[in-house]
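Keep the viewer open as you read.

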Amino acid sequence: MGEVVVALDSFKGSLGAAQATAALARGLRRHAARPAVHEHPVADGGEGTVDAAIAAGFTPAGLTVTGPLGQPVAARYAHRGGVAVVELAAASGLPDAPSPATALAASTFGTGELIAAALDAGHRQVVVGLGGSATTDGGTGLLAALGARLLDAAGRELTGRTSALPAVAAIDLTGLHRRLRDAELVVACDVDNPLLGPEGAAAVFGPQKGADEATVATLERALSAWAPLLEAATGVAAADAPGAGAAGGAGFALFTLGARRVPGIELVLRLTGLPERLPRADLVITGEGSLDRQSLRGKAPLGVAAAARLAGVPAYVVAGRSRLTPAEVTAAGFSGAFTLTDLEPDPGRCMAEAVPLLERLGEHLARHVFG
């Protein structure tokens, strides 16, 4: 057995991708075969995307930006060779206790500040991962941070540091960041929801962000008024574009600025160079916290398995728990699945003790593979 590549996504609520990958790798290395293990944490375009880029050799750039509710937060982006990777969750991610009030107030302003910082630094391509947002502001905050003027019905300027969406009556784009004209914006996004309607940003994702039924209706009305306003200002019709509803309409705003959409895991794998690594490997192990049918819709483990298949390398998957049948695991391209609940049936302990359990799971997997 030559090299084993460990490429895990985060175990949400327990470990980041790099921590999870390192823990499993330690367990694998304890086997008598002493396999050569390469750690290659991954993400699907959401939370952990910047960490995955940094683990692959990108340089971090840290700054303080505006959080989703107007508070200062520490965030960072990653950059290399003129490419910057920005993670919306780092600046505009879910608060600890989402509620109807936070669902209405949360803004993407801090994400716009990260994009502006990357442009100010001279990066010509800015990749924005849209997963894990607290926001349903239609990208109003993001645009304000990039120099757009948002005006209410009385002509007063709205800062956008908390959501300006319900009050916006006009937008002036003449002050947009000058480097946007020459930069390429890329949206890393796995959802294909439009901005509006029963499959749109408010209806589908609003409840996950604390919105109750009345709040969802309020957000839908506000987005319905905002969409034609921004489309008229930019000359780009994007409300119906797949992914426009991502991150509460941040996808929509970025599309009107000319951004193109790329599936998150495909983009992360390309940026981090995993496909180039796989031909030297004999085995790939991927995984995430919960393996279920949602994992089969473009999540990180499936993308890693697809890349491994193209390279002719077998892939195993590990998870905190799995809701897939053995047949579904095989159909997804995995040679087998191993879970923390195989070792510890209590889900609470699995989350609290994820590091030692992943180490034990690595030992168990190594015995299965190496004998």
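A residue counts as buried under 20% relative accessible area, as exposed over 50%, and as partly exposed in between. Arginine 76 has a relative accessibility of 36%, so it is partly exposed. Please keep in mind that this is a predicted model.

How many salt bridges does the structure hold? There are 14. One of them joins glutamate 359 to arginine 30, with the closest N and O atoms 3.1 Å apart. Here glutamate 359 belongs to helix α15 (residues 354–370), while arginine 30 is in the loop between α1 (17–29) and β2 (36–39), so the contact ties together parts that are 329 residues apart in sequence. The two partners can be told apart by their cover: glutamate 359 is buried at 13% relative accessibility, whereas arginine 30 is partly exposed at 44%. Both also take part in a network of salt bridges that links Arg26, Arg30, Glu359 and Glu363.

Another salt bridge brings together the side chains of arginine 349 and glutamate 344, at 3.5 Å from N to O. Arginine 349 is partly exposed, at 40% relative accessibility, and glutamate 344 is buried, at 14%.

Now turn to charges on the surface. Arg124, Arg178, Arg179 and Arg181 gather there in a patch of positive charge. Among them, arginine 179 is found in the loop between β9 (170–172) and β10 (184–188), and its relative accessible area of 33% makes it partly exposed.

What about the cysteines? A disulfide is a covalent bond between the sulfur atoms of two cysteines. A search of the whole structure finds zero disulfides. Cysteine 189 is buried, with 4% relative accessibility, and cysteine 350 is buried as well, with a relative accessible area of 5%.

Finally, look at glycine 243, in the loop between α8 (213–234) and α9 (250–256). Is glycine 243 buried or exposed? Its relative accessible area is 0%, so glycine 243 is buried. From C-alpha to C-alpha, glycine 243 and threonine 136 are 14 Å apart in space, and they are 107 residues apart in sequence.

Methods:
Residues numbered from 1 in each chain as written. Predicted model: local features only at pLDDT ≥ 70, side-chain atom pairs only at ≥ 80, totals over all residues. Heavy atoms only, no water. Patch = residues over 30% accessible without salt bridge, like charges linked within 9 Å, V, L, I, M, F, W, Y side chains within 5 Å. Areas by Shrake-Rupley, 256 points an atom, 1.4 Å probe, with all protein chains shown as cover. Salt bridge = Lys/Arg side-chain N within 4 Å of Asp/Glu carboxyl O. Lys, Arg positive; Asp, Glu negative; His and termini not counted. Charge placed at Lys NZ, Arg CZ, Asp CG, Glu CD. Helix = DSSP H or I, 4+ residues; strand = E, 2+ residues; numbered from the N terminus. Buried < 20%, exposed > 50% of the residue type's maximum accessible area, 1.4 Å probe, protein only. Disulfide = S-S within 2.5 Å.
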